[in-house]
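Hello,

Here is the structure we talked about handing over. Please look through it, then read the notes below.

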Amino acid sequence: MEGPLPAPSEEGISIEAHKRLIAYSIGPQNIDLTFRNRVAHENGWGIGMAERAVQEYKRFAYLCAHSPIPCTPSMEVDQVWHMHMTYTHDYWGTFCPELLGYQLHHGPTEGGEEEDEKHVEQYDYTLHYYEQVFGRPPPSDLWPSSEKRFSSFPHLRWVNLSEYSITPKSKIYLAMAVTAVVSFILGSLLPL
């Protein structure tokens with residue numbers, strides 16, 4: 001490897017550094033369950049979505065390595081980050097020291113209103129810093145607004161899909177409405 005990626009200039013990340021960042025492959029590539037495929041499988045994403053999320057994660061890690069204040073990831077980027085940390089040899093042995101030149105630690109929130117406000121501010125800063133470094137806004141499907149990013153956090157839970165199925169509330173409401181209409185029609189056809 002050529003050494004850690006250089007910090008961005010006033011104009012942002014250099015083309016060469018960005019190409020090297022994006023070209024970095026996490027984990028072994030000559031196996032069936034590559035890092036990208038594992039990310040897709042564990043999150044229920046298609047391969048294209050997983051690939052994009054992995055690329056955004058690498059951009060996020062670069063931001064963290066060069067930002068004067070801590071950065072906060074989107075939920076999708078955070079999922080990739082968590083997965084990468086399980087590839088300990090790659091994460092601590094190559095990615096952080098050789099590509100980033102920075103030990104990127106992940107710390108959980110301490111909870112509470114002050115922490116919530118801090119993470120919203122850091123996330124908004126991250127979105128701004130991303131645009132400054134990469135010369136374009138982050139993709140909104142992987143980097144939603146802070147309002148959307150933090151609106152559902154308390155409601156998120158891990159679900160074992162081998163034991164439970166997940167149905168969106170909108171489909172449940174639709175099924176209830178259809179059942180009510182059918183019941184009404186059938187009830188009106190019955191003799192009194």
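**Helix 2 and Arg38**

Arg38 sits in helix 2. Please keep in mind that this is a predicted model. Is Arg38 buried, partly exposed or exposed? Its relative accessibility is 26%, so Arg38 counts as partly exposed. The cut-offs behind that call are under 20% for buried and over 50% for exposed. Beyond its neighbours within four places in sequence, Arg38 is in contact with Leu33, Met83 and Tyr87. Lys58 is 20 residues from Arg38 along the chain, and their C-alpha atoms are separated by 16 Å.

Elsewhere in helix 2, the buried residues are Phe35, Asn37, Val39 and Ala40. What do the buried residues of helix 2 pack against? They pack against helix 3 and helix 4, the latter covering 75-86. Just after helix 2 comes Gly44, with a positive phi of about 70°.

Arg52 belongs to helix 3. Arg52 has a relative accessible area of 36%, so it is partly exposed. Leaving out residues up to four places away in sequence, Arg52 touches Pro139, Asp141 and Leu142. Glu76 lies 24 residues from Arg52 in sequence, with 9.9 Å between the two C-alpha atoms.

Tyr62 is also placed in helix 3. Tyr62 counts as buried because its relative accessibility is 1%, and the cut-off for buried is under 20%. Which residues does Tyr62 contact, leaving aside its neighbours within four places in sequence? They are Leu5, Pro6, Ala7, Pro8, Ile13, Leu21, Leu100, Val133 and Phe134. For Ile13, the C-alpha separation from Tyr62 is 9.5 Å, and the two are 49 residues apart along the chain.

**Helix 3 against helix 6**

Helix 6 spans residues 113-134. Helix 3 packs with helix 6 at an angle of about 95°, and their axes are 10 Å apart. Helix 3 is therefore roughly perpendicular to helix 6, as angles of 65 to 115 degrees count as such. On the helix 3 side, the contact is made by Glu56, Arg59, Phe60, Tyr62, Leu63 and His66. Helix 6 brings Thr126, Tyr129, Tyr130, Val133 and Phe134. By class, this contact of helix 3 with helix 6 has seven nonpolar, two polar and two charged residues.

**The second largest pocket**

How much space lies in the second largest pocket? About 170 Å³. Its lining has 13 residues. Ser25, Ile26, Gln29, Arg36 and Glu51 are the ones nearest its centre. By class, the lining residues of this pocket divide into six nonpolar, four polar and three charged.

Three helices each supply at least two residues of the lining: helix 1 (15-23), helix 2 (35-43) and helix 3 (47-66). Which helix gives the most to the lining of this pocket? Helix 3 does, with four residues.

**Ser146**

One last residue. Ser146 lies in helix 7, which covers residues 146-151. Is Ser146 buried or exposed? With a relative accessible area of 8%, Ser146 is buried, since the cut-off is under 20%. Apart from its neighbours within four places in sequence, Ser146 is in contact with Val120, Tyr123 and Asp124.

Best wishes

How values were computed. Residues numbered from 1 in each chain as written. Predicted model: local features only at pLDDT ≥ 70, side-chain atom pairs only at ≥ 80, totals over all residues. Heavy atoms only, no water. 1 Å grid on protein atoms, 1.4 Å probe; cavity = no way out; pocket = protein on both sides within 12 Å on 5 of 7 lines; lining within 4 Å. Points joined across faces, edges and corners; volume = space filled by probe spheres on them. Nonpolar A, V, L, I, M, F, W, Y, C, P; charged D, E, K, R; others polar. Buried < 20%, exposed > 50% of the residue type's maximum accessible area, 1.4 Å probe, protein only. Contact = heavy atoms within 4.5 Å. Axes fitted to C-alpha atoms, helices over the stretch in contact; angles between N-to-C directions. Parallel < 35°, antiparallel > 145°, perpendicular 65-115°, else oblique.
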